[in-house]
Amino acid sequence: MNNKELSEYLKIIKRSVDDFDDPDSARQAVEAVTPAAGQGNARAQYMLGRYYYTFGCDDSARYLCWMERAADGGNLKAIKFLADYYRFLCDDMEPERSKPLGLKWLYRMIEVLKKKADKGSVSAAKSLMNLYVYDRPDDMTEKEGREAALMCYERLIEILRAKAERGTAKDKKNLADTLSHDLGVPMEIVSYLPDRMDEATRIYEEISTDKKDGASYCDLAQTYSREGNEEKAFECYMRAAEMGYTPAYYNVAAAYLDGEGVERDFDKAFEWFQKAVDSGDTYAKLKLAECYKRGAGCKRDYTAAMELYQQLAGDKSLKRDSFVHGVAEYEIGNMYLKGLGVEMDLRKAYDYFRRAASHDNRAAENALRNKKFRDFER
C-alpha cells in the first residue's frame, strides 16, 4: 500500500470516529491499514487506537496496545491520549497505578515538544507554554509551571526572531505581533513578560517602510497607540486610509470624534464614518447613527439614526456579533422610551430592551429595572 492509499484509508477512519459515519467503510479501512500499523506506521497505529476506543471495545488492552505503540514511535497525539487517559479517563485501574502512568506520558509529551521546539517549531513552543500553565504535571508547583512557561516564551521569541531574520514580512509581523499583542500567550503569565514594545515598534516601522501598504501602517498605528503616542498613531491611520485601506477609515473617524492624536473635528469624523459605512464597516454604522443622534458633524436627525439602528438590529448576517445587535437594540429602546424622533412607546421600549439584554447588553439590563416597566410581564 502506498502513502496516498494509506492516507485515504486513515481519512475514512477519522471521519467515522469523528462523525460516527459509514461504519462499514470504516471497518474495511481498519482491515486495510492494520498491516501497515503492524509494520510500525505510527499514524496507522494511532488511528486504530482511536477506532477501537471510540467504538466500544470492551478490551482496553486492544486500543491501549495500538496507542502505546504509536506513542513509542513518537506520535504526539497518541502520547497526549495516553497522558489524558491515565489521568482522567481510566476507571478500571486503581489511582495508585494509573496516576504514575499518566505522569509518565505527560512527561513524555513534554520531552517530545521540547525536542520539536529546539528544532524551531513555533507550535511546539506555544503548546509547551500552555501546558505548563494549564496542564502542568502534578509534581510541579504553580510557580515552577509559570517559570517553565516563561522559559518557553523566551524560546518562542528566539524561534520567531530567527524566522524573521531570514524570512519575509509575514515572519517579521508574526514576531512583532507576539511581542506587542502577546498572541498565543496565556493570560496568567502576561504580567510577567518583559516589555518589548520598542522592538515591536521598530519591526512594524521596518515593515511599513518596506511594504508601504495600509495594513502595515495600521499595525504600526496600533503599536504607537499602545505606547500612548496617539499623534503618531493617527498619522499612520491617516496614511493607511489615504492609501484606500478601508479598515483604517473607522480609526481615523474615531480619532477626529474623540480628539485623540488630532484636534477634535466632528465634521471630519462624520465624513470618515460615512466612508467606513460605505465600505461595509458595521461598527462605523453604529457610530454614524450616534453622530446623527448627537448632531455631531451633521444636523441632528433622529429619523436617520433610527434607520441605521434598525438596519443593524435586523441584520441577520451579524448573528455572531451580539455586541452590535445589543447596542442597536438598546438605542432603539431608548429612543422609544424618550420619544426621540418617534412617538413614546413603553411597550416597544421594553421589548427592545429585552432583546438587547438577551445579547448581554448591560445598559439594557439596567433599563429593564425602570419602574415604568413594572406592569409588563417579565
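**Exercise 1.** In which helix does D219 lie?

*Solution.* The model is predicted: local features need pLDDT of at least 70, side-chain atom pairs count only at pLDDT 80 or more, and totals for chains, interfaces and linings use all residues. Residues are numbered from 1 along each chain as its sequence is written, and side-chain values use heavy atoms, with hydrogens and water left out.

Step 1. Helices are DSSP runs of H or I with at least four residues, strands are runs of E with at least two, and both are numbered from the N terminus. D219 belongs to helix 12, residues 214–227.

Step 2. Burial is assigned by relative accessible area with a 1.4 Å probe and protein chains only: under 20% is buried, over 50% exposed, and in between partly exposed. At 12%, D219 is buried.

Step 3. A contact requires heavy atoms within 4.5 Å. With neighbours within four places in sequence left aside, D219 touches K173 and Y204.

**Exercise 2.** Determine whether D360 is buried or exposed, and locate this residue in the chain.

*Solution.* Step 1. D360 sits in the loop between helix 19 (346–358) and helix 20 (362–367).

Step 1. The relative accessibility of D360 is 59%, so this residue counts as exposed.

Step 2. Although D360 is not a glycine, its phi is positive, at about 65°.

**Exercise 3.** Which residues have the most contacts inside the largest nonpolar core?

*Solution.* Step 1. A nonpolar core is a set of buried Ala, Val, Leu, Ile, Met, Phe, Trp, Tyr and Cys residues joined through side-chain atoms within 4.5 Å.

Step 1. The largest such core has 127 residues, and I13, Y132, F273 and F353 have the most contacts inside it. Helix 8 (residues 142–166) supplies the largest share of this core, nine residues.

Step 2. Beyond its neighbours within four places in sequence, F353 has contacts that include Y330, L337, L368 and F373.
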